[in-house]
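Please consult the sequence and the model shown here while reading.

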Amino acid sequence: MAKAIHTMIRVLDEDRSVAFYRTAFGLEIADRFPFDGFTLVYLRNAEADFEIELTINHDQTEPYTHGTGYGHVAVAVDDLEAEHARMIANGLTPTPIKEFHRDNALMAKFFFIQDPDGYKIEVLWRHGRYQ
């Protein structure tokens with residue numbers, strides 16, 4: 001069976017992106033590999049072994065376009081309201097918390113936040129199928 005190990009996103013400013021992911025999700029640099037023309041930075045935390053791979057192309061000066069296919073990456077947290085408040089206190093701008101109901105039961109409780117390059121991250125309450 002295949003195991004998901006990382007998702008890659010292209011970013012303009014390594015320091016700004018690392019700071020965002022550290023502040024928002026407690027991700028730290030697990031590995032950093034500079035190459036001619038680009039650098040790969042792998043971010044993770046103790047919660048899971050899934051990583052975010054930041055790719056920094058050294059000659060890129062304009063923001064990347066996400067096209068019409070990118071949606072979001074999702075993370076699950078134990079205390080959604082506390083995480084929402086913590087992000088606001090740290091100067092981040094999450095969307096309001098929303099809920100989805102299905103068959104008269106709570107399916108999902110969540111908010112979104114965007115990283116410095118405009119990638120959306122869904123933050124879900126660890127509940128039901130979203131563990």
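The largest cavity is lined by Thr7, Ile9, Tyr21, Ile52, Tyr70, Val73, Tyr119, Lys120 and Ile121. Strand S1 (6-10) and strand S8 (120-125) are the elements that give two or more residues to this lining. By class, the lining of the largest cavity holds 7 nonpolar residues, 1 polar residue and 1 charged residue; Ala, Val, Leu, Ile, Met, Phe, Trp, Tyr, Cys and Pro count as nonpolar, Asp, Glu, Lys and Arg as charged, and the others, Gly among them, as polar. The volume of the largest cavity is about 40 Å³, and the count is 1 cavity of 30 Å³ or more.

On a 1 Å grid over the protein atoms alone, a cavity is a set of points where a 1.4 Å probe fits but cannot get out, whereas a pocket is an open set with protein on both sides within 12 Å along at least five of seven lines; lining residues have an atom within 4 Å of a point. Grid points are joined across faces, edges and corners, and a volume is the space filled by probe spheres set on the points.

## Basis of the model

This is a predicted model, in which local features need pLDDT of at least 70 and side-chain atom pairs count only at pLDDT 80 or more, while totals for chains, interfaces and linings use all residues. Residues are numbered from 1 along each chain as its sequence is written, and side-chain values use heavy atoms, with hydrogens and water left out.

The largest pocket has a volume of about 580 Å³. Its lining comprises 23 residues, of which Glu47, Ala48, Ala74, Val75 and Ala76 are the closest to the centre. Two or more lining residues come from each of helix H1 (14-25), strand S3 (38-45), strand S4 (48-57), strand S5 (73-77) and S8. S5 supplies the largest share, 5 residues. The lining of the largest pocket divides into 16 nonpolar, 2 polar and 5 charged residues.

## Overall fold

The chain contains 2 helices and 8 strands; helices (H or I, at least four residues) and strands (E, at least two) are DSSP runs, numbered from the N terminus. Along the sequence, these elements follow the pattern β-α-β-β-β-β-α-β-β-β. The C-alpha trace spans about 55 × 40 × 30 Å along its principal axes.

## The sheet of S1 to S4

An open sheet of 4 strands has the order S1-S4-S3-S2, with mixed pairing; two strands pair if DSSP finds at least two bridges between them. S1 and strand S2 (28-35) are at the edges with a single partner strand each, so one side of each has no neighbour in the sheet. On average, neighbouring strands of this sheet are turned by 20 degrees against each other, direction ignored.

S1 and S4 run parallel and are joined by 5 bridges, and His6 stands opposite Glu51 in S4. S2 and S3 run antiparallel through 7 bridges, with Glu28 opposite Arg44 in S3. In the hairpin of S2 and S3, which has 2 residues between the strands, Gly37 adopts a positive phi near 95 degrees. S3 and S4 are likewise antiparallel, joined by 7 bridges, and form a hairpin with 2 residues between them.

S6 and strand S7 (residues 105-114) run antiparallel and share 5 bridges; the bridge partner of Glu99 in S7 is Lys109.

## Helix packing

H1 lies across S1, S2, S3 and S4, at about 10 degrees to S3. Axes are lines fitted to C-alpha atoms, for helices over the stretch in contact, and angles run from 0 to 180 degrees between N-to-C directions. Contact means heavy atoms within 4.5 Å.

H1 and H2 pack at an angle of about 140 degrees, with their axes 9 Å apart. That makes H1 oblique to H2, because angles under 35 degrees count as roughly parallel, over 145 as roughly antiparallel, 65 to 115 as roughly perpendicular and the rest as oblique. Thr23, Ala24 and Phe25 in H1 meet Glu83, Arg86 and Met87 in H2. The residues of this contact divide into 3 nonpolar, 1 polar and 2 charged.
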